[in-house]
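Student: I would like to go through the terms used for this model and see what each one rests on. Please give the cut-off each time, then the value.

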Amino acid sequence: MNERDVFEYALLRVVPRVERGECFNAGVLVYCRAHSFVAARTHLDESKLLALDPDADVQGVRAALRAVEGVCAGGEAAGQAAHDDAGRRFRWLIAPRSTVVQPGPVHTGLTADPGAETERLLQLLVR
């Protein structure tokens, strides 16, 4: 039998015009304490972004999404969070913020493979 562990995840939402509150999913953050695992996978649908805000900074949004992936990856790409453990980086990334790229609420589940779960959630909830 496959041993399954608890994991947490949050969607990354793009909110092109914060004052309007319109958003769409552009990524997923996954954290599994048992595996010391944290990862983000993103996919920006430019047509959705530009439909909500024709003047949106597409490259800026892409850079923000890449920055989240970098923090999850750790090392130099994580900047100030480079030496934080996986859980601390996840908690920092899911903190509420009023920016164009925002985390959604945290949900939980069980998985035997957090990496595969990250890809499954990206396909199911983002693409």
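Tutor: We start with burial: a residue is buried under 20% relative accessible area, exposed over 50% and partly exposed in between, with a 1.4 Å probe and protein chains only. The model is a predicted one, where local features need pLDDT of at least 70 and side-chain atom pairs count only at pLDDT 80 or more, while totals for chains, interfaces and linings use all residues. Residues are numbered from 1 along each chain as its sequence is written, and side-chain values use heavy atoms, with hydrogens and water left out.

Student: Why is Phe7 called buried?

Tutor: Its relative accessible area is 3%, and the limit is under 20%, so Phe7 counts as buried. Tyr9 has 15% relative accessibility and therefore counts as buried by that rule.

Student: How many aromatic pairs does the structure hold?

Tutor: There are two aromatic pairs. One of them joins Phe7 and Tyr9, with 5.9 Å centre to centre and 25 degrees between the planes.

Student: Which parts of the chain does the pair of Tyr31 and Phe90 link?

Tutor: Tyr31 is in strand S2 (residues 24-32) and Phe90 in helix H3 (residues 86-94), 59 residues apart. Helices (H or I, at least four residues) and strands (E, at least two) are DSSP runs, numbered from the N terminus. Tyr31 and Phe90 are both buried.

Student: How many helices and strands does the protein have, and what pattern do they follow?

Tutor: The protein has four helices and four strands, and along the sequence the pattern reads β-β-β-α-α-α-β-α.

Student: What makes Arg97 lie over the face of Trp92?

Tutor: A charge sits over a ring if NZ of Lys or CZ of Arg is within 6 Å of the ring centre and within 35 degrees of the ring normal. Arg97 is at 5.4 Å from the ring centre of Trp92 and lies over the ring face.

Student: How do you know how many disulfides the structure holds?

Tutor: A disulfide is a pair of cysteine sulfur atoms within 2.5 Å, and the structure holds zero. For Cys23, the nearest cysteine sulfur is that of Cys72, 20 Å away. The sulfur of Cys72 is 14 Å from the closest cysteine sulfur, in Cys32, so the two are too far apart for a bond.

Student: Are Cys23 and Cys72 buried or partly exposed?

Tutor: Cys23 has a relative accessible area of 38%, so Cys23 is partly exposed. Cys72 has 3% and therefore counts as buried.

Student: Where is Leu44, and why is it called buried?

Tutor: Leu44 is in the loop between strand S3 (37-42) and helix H1 (46-52). Its relative accessibility is 9%, so Leu44 counts as buried. Not counting residues up to four places away in sequence, Leu44 touches several residues, including Val14, Phe24 and Leu65; contact means heavy atoms within 4.5 Å.

Student: Which residues does Ala39 touch?

Tutor: Ala39, in strand S3, touches Val28, Leu29, Val30, Cys72 and Thr118, with residues up to four places away in sequence not counted. At 16% relative accessibility Ala39 counts as buried.

Student: Why is Ser36 called exposed, and what is its phi?

Tutor: Ser36 lies in the loop between S2 and S3. Its relative accessibility is 61%, and the limit for exposed is over 50%, so Ser36 counts as exposed. Its phi is positive, about 50 degrees, although Ser36 is not a glycine. Most residues other than glycine have a negative phi.

Student: How do you know that the radius of gyration agrees with a compact globule?

Tutor: The radius is taken over C-alpha atoms, and the globule rule is 2.2 Å times the number of residues to the power 0.38. For 127 residues a compact globule would be near 14 Å; the protein has 15 Å, which agrees.

Note on methods
Phe/Tyr/Trp six-rings, centres within 6.5 Å; stacked < 30°, edge-to-face > 60°.
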